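Here are my notes for someone opening this one for the first time. Have a look at the structure, then read on.

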Amino acid sequence: MIGKLCAALLPGLPLLAGGVGLLLPRSSKRAAIWLAVSSTGLVALLALWCAADALGSFGVIGVKFTPIDLSFTLGSFGELDVTAVLRLDGLSALVASLVALVALAVQVYSIAHLARDERYVPYAAQLTLFTGAMLLVVSSADLITLLIGWELMGLCSYLLIGHDRTNPAAPAAARKAFVVTRVGDIGFLLGVVLLGAGAGSFNFDQLGSASAATQTAAGFGLLAGVLGKSAQFPLHTWLPDAMAGPTPVSALIHSATMVAAGVYVIARLDAIVLSSDAVRLTLATVAGVSILLGACAAATNDDLKRVLAWSTVSQLGYMLAGFTVSSPIAPPLFHMFTHAAFKALLFLGAGAVIVAVGSSSMARMGGLRRSMPITAVCAAAGLGALAGVPPLSGFWSKGSLLALADAAATSDGGASGLAGAIVLGCGTLAVPITAFYCLRIWLLVFGGSYRGPAAPRDSGWLTLGPLIALTIPTVLLGAVPLYGQLGNWWAAAGANYGAGALLPGEALTPLLDGSLVVLGAALAWSLWHRNQRDPARVFGRAQPILADGCYGDAMQRALVVTPVLAAARMARAVNEHGVDGAVRGVGLAVRSAGGVVSRGHSPLARYVSFAATGAVGVALLMLLIAGITA
Amino acid sequence: MHAVIPYIVAALLCSTGVYGIVIRRNVVLLLMAVELILAAATLILVTADAVHGASASTGQVFALFVIVLAAVEIGIGLAIALRLYRTFGSVDITEVDAQGDESSGSDTDSGPAENTDPAASNPAQVKL
Amino acid sequence: MSGRTAAIANVLLVSTLVVPALAALVLPLCRLVVARVVALLACLWTLAASGALLVGHHPARSAVDPWHEVDWAWVAALRLRFHIGVDGISWPLVLLTSLLVACCVFYLIFGVSGDQAEAESQRRIPLLLSLVFALQTAMLGVFMSLDVVLFFVFFELTLAPMYAVIAGWGGPHRRPAAMKFLLYTGLGSLLLAIGVLLLVSAAGTADLTQLSAPGGAGLSHYTQLAVFVLLLLAFAIKAPLWPLHTWLPDAHTQAPTVGSVLLAGVLLKLGSYGLIRLTLPVLPEAARSAAWLLGAAAVAAIVIGALVCLAQTELKRMIAYSSVGHMGFVLLGVASAAAGSEIGLQAALLGNLAHGVITSLLFFLVGSVKDRWGSTELTACVGLAARLPLLAALLCFGAVASFGLPSLAGFWGEAFSMLAAWQQVDVWWRLYATIAAVAAAIVVAYFLRALYYLSKASDHPTDVFPENVPQAPSSTTFSLKTPGGRLAEPLTAGELLAVVPLVLVTLVLGVWPGGILSLSAGAVAAIISGAS
């Protein structure tokens with residue numbers, strides 16, 4: 001009973017709070033703050049409690065935990081029942097805690113960040129609504145609930161990106177984000193429909209009864225949706241532009257949660273989605289391209305938030321690629337956890353820096369380690385984790401992924417081996433580039449001397465608090481596989497999800513990784529330290545092309561946008577001149593028929609001819625009807 | 001028995017009526033053409049009743065209905081024609097049509113069938 | 001049910017038709033004050049009576065198994081009996097009609113300000129209310145009639161009041177639009193008349209209960225085909241189905257707000273309801289052979305509707321074309337039902353209902369925009385979100401509901417008609433489902449384009465259609481031309497009263513479609529099993 005209440009409250013409380021918050025008037029800022037922070041805090045506590053329960057089942061705390069299922073029927077279409085099922089098991093409880101904690105940090109951060117924004121009230125409500133939608137995705141155990149949470153997240157992302165009305169880029173960026181993810185969701189919806197029709201039910205447990213062909217086709221469909229939401233090639237173009245939204249939004253939605261929702265969906269449905277080799281290879285290729293594309297773009301961009309966005313594309317590629325190299329889902333999920341921590345940290349830090357400096361261009365920053373020391377230290381931790389510097393968390397998670405890819409490439413045959421080779425190649429190649437741009441960021445922003453006009457100071461505690469809070473998991477999460485009881489639990493959890501090697505098993509891979517990190521960092525340092533110029537100049541003339549994402553936007557416009565708009569124009573012309581023209585033509589024909597006939601010969605002849613034609617017509621019609629009904 | 005001739009005659013009447021509606025511009029002659037169509041309908045009703053005779057002579061009863069309705073319709077129609085003549089000075093429907101159809105916001109008809117929405121009746125605003 | 005309860009039910013049933021008819025007769029003679037009271041009482045009574053008809057519902061045992069019915073002889077010669085009743089398929093539509101008419105009445109009564117410039121139009125509100133009630137009688141009659149000839153009579157009755165509403169209270173090009181509406185749908189009515197006559201004379205009865213018996217009316221193959229073609233054409237014009245839809249955009253754009261609401265919310269439903277009630281159970285063989293054609297036309301409607309919307313420059317016309325796309329989804333469900341899918345029929349019924357609620361909501365909101373800003377051109381609505389945040393938020397809600405966001409009403413119809421199409425194990429049907437899914441993304445694109453204009457703060461000319469770069473002055477100078485300075489006036493009580501119930505229904509129907517689904521489940525199963 002308590003369990004079912006928890007399962008219902010976990011997504012239900014923030015959804016309700018968000019809905020109520022949307023109805024609050026603009027002036028009630030205090031009430032909005034209370035509502036948002038308290039509901040997110042309550043949900044975080046609830047999620048942590050459930051996660052602790054889950055830990056308990058593995059022997060750390062002595063309480064027995066069983067997965068909780070909560071279902072209610074939404075309706076039945078003929079013989080197809082639509083039942084919403086919420087499931088709270090170990091995996092969903094852990095991911096829910098992640099989501100809730102990052103959301104709480106972001107909510108607290110937003111209080112200061114949007115202190116002077118008059119539209120704070122709807123912002124906080126939308127943020128809470130988003131948290132509820134993500135928790136719905138995390139706790140769903142049937143496709144329809146998943147779809148509801150999935151699309152609701154997309155809507156909240158759209159509303160939040162477009163939050164700042166004075167930013168001319170914001171409405172366009174919001175629209176682009178929604179449309180691009182919606183294109184991916186064509187496939188997602190078709191995948192859901194296929195599975196529902198093929199398996200006779202939308203429940204995750206029963207999806208396996210669909211035929212193999214259905215599963216493959218549905219796998220491609222669901223993959224399309226995941227690629228859209230997780231900003232992988234070719235549906236990645238929306239994420240850099242989405243940085244037009246407020247920075248806390250970028251921290252929550254576009255680094256830690258929504259983009260990770262795709263990873264979670266594949267983790268949950270991996271038996272279905274990755275059941276076929278074709279899907280596996282496609283995902284490996286796409287993810288590999290995204291890894292490299294994102295890394296190169298991050299290394300060449302000047303806008304701090306765009307660099308982080310491209311970096312997210314790259315890291316998500318790592319996560320998705322991890323699923324293709326073997327069936328244990330623990331390693332990519334581990335990377336999702338660590339990535340959430342350090343990327344949210346980096347975005348919040350970037351927000352603090354941007355507010356202090358007044359611009360997001362890294363060319364105008366520098367020397368901030370003296371005026372914003374705490375932020376500099378936290379950012380260093382985050383960047384180190386991103387680059388994969390031991391013993392920070394990123395080293396362990398990325399390392400285990402590459403180790404698995406190595407194992408798959410060398411020992412597995414067929415598609416799995418090929419996927420492993422692709423992942424290993426792209427992933428290893430991106431390691432020095434990642435280290436390069438991480439050091440580049442720190443040097444350009446915090447190193448050297450200040451290049452801008454304003455006088456930056458370190459931020460208040462409402463801003464620094466979440467930063468420090470996120471630095472702790474960034475540094476320590478890597479320890480989870482190693483130490484004592486927690487290590488036992490993690491190994492056992494991994495065993496439950498079929499994890500093989502969670503740690504960088506062979507010594508070769510971590511050595512190689514480590515040396516590549518040092519290589520990339522050394523390159524960045526050597527290009528910078530003499531006269532503090534941007535290390536990205538090493539890319540030479542390719543820099544603007546790479547920064548733009550290798551013509552991603554232009555290709556999208558040429559391949560999709562322009563043809564659709566041309567089709568729209570044509571449809572409108574056909575509709576108005578063709579179809580409607582025919583209708584209007586009938587009216588004109590009737591009028592001119594009168595004119596034509598009246599220009600005949602004598603009036604009597606006209607009458608007679610017309611009347612005779614009519615009589616013959618009616619007689620024929622009568623014969624026809626009589627013949628039909630006889 | 002087969003009643004071909006009355007049906008053919010009715011068809012002739014109907015076609016003449018349709019022809020009249022299509023070609024006549026004078027409102028009164030238009031109404032006369034409509035009368036022809038109604039006459040054709042009456043003829044069909046009576047013939048059908050005589051040939052397929054239902055018990056209650058329903059066809060002939062309906063024919064009476066049609067006659068009454070035709071009378072009512074002619075009354076109202078002629079009243080409208082008179083009103084038309086008083087307002088426009090002519091009973092030519094093509095002339096009336098040109099003024100009432102593509103309204104640019106300034107109708108001369110001052111009756112209650114007018115759109116008094118101030119925003120829409122200002123052409124300069126609508127062009128936005 | 002006991003005799004007394006049955007009598008009360010019959011009284012309620014007949015009163016839903018009689019009360020609006022009386023109101024329609026009485027209202028033109030009243031002054032505005034009295035008219036307000038009369039209209040309020042009439043619409044509230046009809047709404048309550050329609051809701052009360054739910055009491056006593058039972059699972060259907062056959063295709064037409066009414067919960068309450070009234071069957072009186074009327075004109076025996078035409079086989080016309082006054083046979084009306086409600087069952088699981090028609091009751092939601094009856095309630096929808098009463099709800100929408102109530103919303104329209106609230107909008108007209110409480111939404112009119114006391115401005116001096118409005119005094120002129122206030123004299124004509126009683127007349128408009130009278131026409132709305134006449135429309136209500138006719139529309140309720142169509143949904144409740146269980147006699148095919150009576151169905152036709154009420155179907156035809158909806159034309160004249162709608163014509164008067166458009167021609168009398170519409171926009172600057174209302175006369176040709178109203179004429180086109182009348183002639184085109186009148187043609188549909190003519191085809192319906194011939195079809196009904198053929199059906200009744202061939203089957204020997206006009207009673208829908210008997211005609212819908214398993215196996216249909218038992219007509220010979222060619223007769224069935226002939227009747228089906230006639231009925232299909234008639235209902236396709238009304239629904240509307242591409243390419244017989246061209247009366248719709250002009251009629252919707254030129255009609256006044258309440259006209260558009262009733263046109264989109266109810267009149268379009270007459271077409272799909274007619275298809276579901278009159279053709280599927282009565283002419284099953286013909287329906288089955290024509291299912292693929294209906295499906296193809298439906299998919300064409302979805303795609304072309306979406307593409308044309310993307311090229312629109314005016315908000316009201318865009319929403320009108322979106323109706324074509326939505327009804328395309330409904331008709332895709334009907335086509336799947338003709339091919340034997342229960343899911344398709346349920347999806348069509350639910351989609352019908354959802355479209356009625358959501359599009360009416362959008363038309364109310366666009367009417368509010370037009371009242372304040374004088375124009376609904378997209379380029380003129382720039383900056384609306386900053387001036388009128390509540391209205392913009394509601395428009396966003398309406399747009400989001402319209403493109404089928406899961407958890408709102410529109411999702412179920414769209415997703416499950418796709419599923420029903422996919423379940424027909426035939427490559428063409430699967431192609432239909434895929435094309436429909438792709439078109440759903442285009443629907444999102446055009447709604448977001450409209451919302452983009454609303455949320456832009458300045459005239460930043462970055463629209464995807466370069467010919468839409470505004471030549472007009474910016475929104476700040478626009479305010480000087482708007483009469484009465486109503487630019488940023490908050491929503492009036494009437495507008496809120498009209499809009500809030502629709503928002504609530506959208507939410508409830510989105511999260512809990514099971515209520516409506518369970519009402520019609522029995523009838524749907526009977527129709528599909530009887531047809532196979």
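**Notes on contacts and salt bridges**

1. In chain A, 78% of the contacts (heavy atoms within 4.5 Å) with a separation of 6 or more are between residues 24 or more positions apart. Keep in mind that this is a predicted model, where local features need pLDDT of at least 70, side-chain atom pairs count only at pLDDT 80 or more, and totals for chains, interfaces and linings use all residues. Residues are numbered from 1 along each chain as its sequence is written, chains are lettered from A and ligands numbered from 1 in the order written, and side-chain values use heavy atoms, with hydrogens and water left out.

2. Chain A has 24 helices and 2 strands (DSSP runs numbered from the N terminus: helices are H or I, at least four residues; strands are E, at least two). Of its 630 residues, 57% are buried (under 20% relative accessible area; exposed is over 50%, partly exposed in between; 1.4 Å probe, protein chains only).

3. Over all chains there are 15 salt bridges (a side-chain nitrogen of Lys or Arg within 4 Å of a carboxyl oxygen of Asp or Glu). A:Lys176 pairs with A:Asp241 at 2.5 Å, N to O. Since A:Lys176 sits in helix H6 and A:Asp241 in helix H8, the pair ties together parts 65 residues apart in sequence.

4. A:Lys176 also forms a salt bridge with A:Asp553, at 2.6 Å between the closest N and O atoms. A:Asp553 is in helix H23, 377 residues away from A:Lys176; at 27% relative accessibility, A:Asp553 is partly exposed.
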